[in-house]
Amino acid sequence: QLAQRFCEMAQTEMQVCERLVHEQHLQHQGFMAVIANMDDTVPSVKNSTEQFLNMFQEFLENKPHYLQLSETVQEVAATLATIPLLPSLVEQVPQDPMTSITSCKDIEGQRDNMSLLDWLQLRSSNDSFHQLSQICTRGLQQYTEEMVSNVQMLLTNMLTSFGDENLRSIKGLPERFSGLEKLLKDARVIVQEQGDLAQAIHQNSTRASNLGDNSILPDLCASHRRQLILMQTNHKRIKDVHRRVVIAKTELIQTIYIRLKWAYGVECQMSVLSERIHMISSGLKTLKDELNILQQTHSVPHLYLTAVAEVVRRRTFSHAFLMWANDLACQLCAVHSEEVARRQNFQTQFEGHILSNLF
C-alpha cells in the first residue's frame, strides 16, 4: 500500500507540474496578445495625433487673419448699413424661413429704406455682430502654440514608453520553457520508475503469499525496504521538480505583472492623449463654424454687389438674346413663307403635265 501511495502521489505531482507549465505558456500568450494589441493601437493613435497636429498648426498659421476679421467686423457692419436692400428683395424678406414673425412686422416700417445690415439683423439678434466678434476673439485666444507643445509632449512620452524593448519582451523565456520541459521529462521518468517499483513490490508480495515459504520473508523485506527507500528518494526528487516549477511560475507572474503595469501605463497615456485631442477638436470645430460665419459676413458687401451686377448682366443678356431670337424668327418665317409660295407655284405649273410621270 505504501508503494502504491508513492506511485499515486507521483502521478498527482506530475499532473500538477504539467498544469503549472501549461499555465505559464498561457500567461505568456496572453502577454503577447497585449503587445500585439498595442502594436496595432499605438501607430493608429500616432497617425491620428500627427494629422491633428498638422491641422492645428495650419489653424494657428491662419490665426492672425481670423483675429483681423474679428477686430474689423464692426467696420463691416458700418459698411452694410450704407448698402440699401433692393425693393424687389425687400418683398422676399417675409418668405425667408430664418425671419421671425416679429421681424416681419418690423419690415413694414423699414420697407422704403431697409439696408443690408437691417436684413441681417432681422435674421438674428441686434447685437449679433458684437457677440460674434467676442466669441471668435475669445475662442482664438484659447488656442495657442502651448497646446501643440502639450499634445506633442504627450505623444512623445507615449511613444518613448511604448518603445521600451526591455518591457516589450521577456528575455530568456524560450530557455526557461525549455528548462521546464526538461524538468517535466525527468519527472515523467521518475513517475514511470515509481510505477515500476510499485508493481515489482506488489508482484513480489503476491508471489511470496502464494508460495507460503516464510524463509524468504527476511530477504523479501530487505528488498522491499531498499525499493521503498528508492521510492522515497524519487518522491523527494519529484517534489523538488514541483517546487522548481512553482518558483518558475511565481517568477513569471512577477515579470508579467511588471510588464502589464507598463502596458496599462501606456494605455492610460493613449487614453489621455485621445481625450485631449477629442476635446480640442470639438472646441475647434465649433469655433470654425463661428469663423465661417465671420468670413461670410466680411464677404457680404462684395458678394451682394456682385450678385446685383450679375442680375443686371443676366437681364441685359436675356433682353438682347430675346430681341436677336425674335428678329431671327421673323427672318426665318419670311424665308419659310417664300419657299412655300415657290413650291406651290411650281406645283401649279407641273400638275397634270405629261412630265409629272417622270418626277
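In which helix is the place of N166? Keep that in mind while you load the model, which is predicted.

**Whole chain**

Start with everything shown as cartoon. Read from the N terminus, the elements run α-α-α-α-α-α-α-α-α-α-α. The accessible area is about 23400 Å², and carbon and sulfur atoms hold 56% of it. Of the 359 residues, 29% are buried. For contacts with a separation of 6 or more, 89% link residues 24 or more positions apart.

**Stop 1: N166**

Select residues 165-168. This is helix α9, and N166 sits in it. Is N166 buried, exposed or partly exposed? Its relative accessibility is 48%, so N166 counts as partly exposed. Show the residues around it. Leaving aside neighbours within four places in sequence, N166 contacts K171 and R259. The N166 and K171 side chains make a polar contact at 3.4 Å. R259 lies 93 residues from N166 in sequence, yet the two C-alpha atoms are 9.2 Å apart.

**Stop 2: Q24**

Move to helix α1, residues 2-61, and pick Q24. Why does Q24 count as buried? Its relative accessibility is 0%, and buried means under 20%, so Q24 qualifies. Which residues does Q24 touch, beyond those up to four places away in sequence? Select F177, L180, V245, A248, K249 and L252.

**Stop 3: the largest nonpolar core**

Select F56, F59, L80, M158, V266 and L291. These touch the most other members of the largest nonpolar core, which has 68 residues. Colour by helix next. At least two core residues come from each of α1, α2 (63-71), α3 (73-81), α6 (116-122), α7 (128-142), α8 (145-162), α10 (173-211) and α11 (217-350). The biggest contribution is from α11, with 19 residues.

Zoom in on F56. With neighbours within four places in sequence set aside, F56 is in contact with Y143, T144, M147, V148, I280 and L284.

A second, separate core has six residues. Among them are A3, F6, A198 and M231.

**Stop 4: helix α7**

Show S128, F129, L132, S133, C136, G139 and L140, the buried residues of α7. Look down the helix axis. The buried residues of α7 fall within an arc of 140°, so they line one face of the helix. Which exposed residues does the face of α7 turned away from its buried side carry? They are Q141 and Q142.

**Stop 5: helix α2**

Select its buried residues: K63, Y66, L69 and S70. Down the axis of α2, these buried residues fall within an arc of 120°, so they line one face. Turn to the face away from the buried side of α2. There you will find the exposed residues P64 and E71.

Notes: Residues numbered from 1 in each chain as written. Predicted model: local features only at pLDDT ≥ 70, side-chain atom pairs only at ≥ 80, totals over all residues. Heavy atoms only, no water. Helix = DSSP H or I, 4+ residues; strand = E, 2+ residues; numbered from the N terminus. Buried < 20%, exposed > 50% of the residue type's maximum accessible area, 1.4 Å probe, protein only. Contact = heavy atoms within 4.5 Å. Core = buried A, V, L, I, M, F, W, Y, C linked by side-chain atoms within 4.5 Å. Arc of directions from axis to C-beta. Areas by Shrake-Rupley, 256 points an atom, 1.4 Å probe, with all protein chains shown as cover. Polar contact = N/O pair within 3.5 Å; in protein donor to acceptor, adjacent residues only side chain to side chain.
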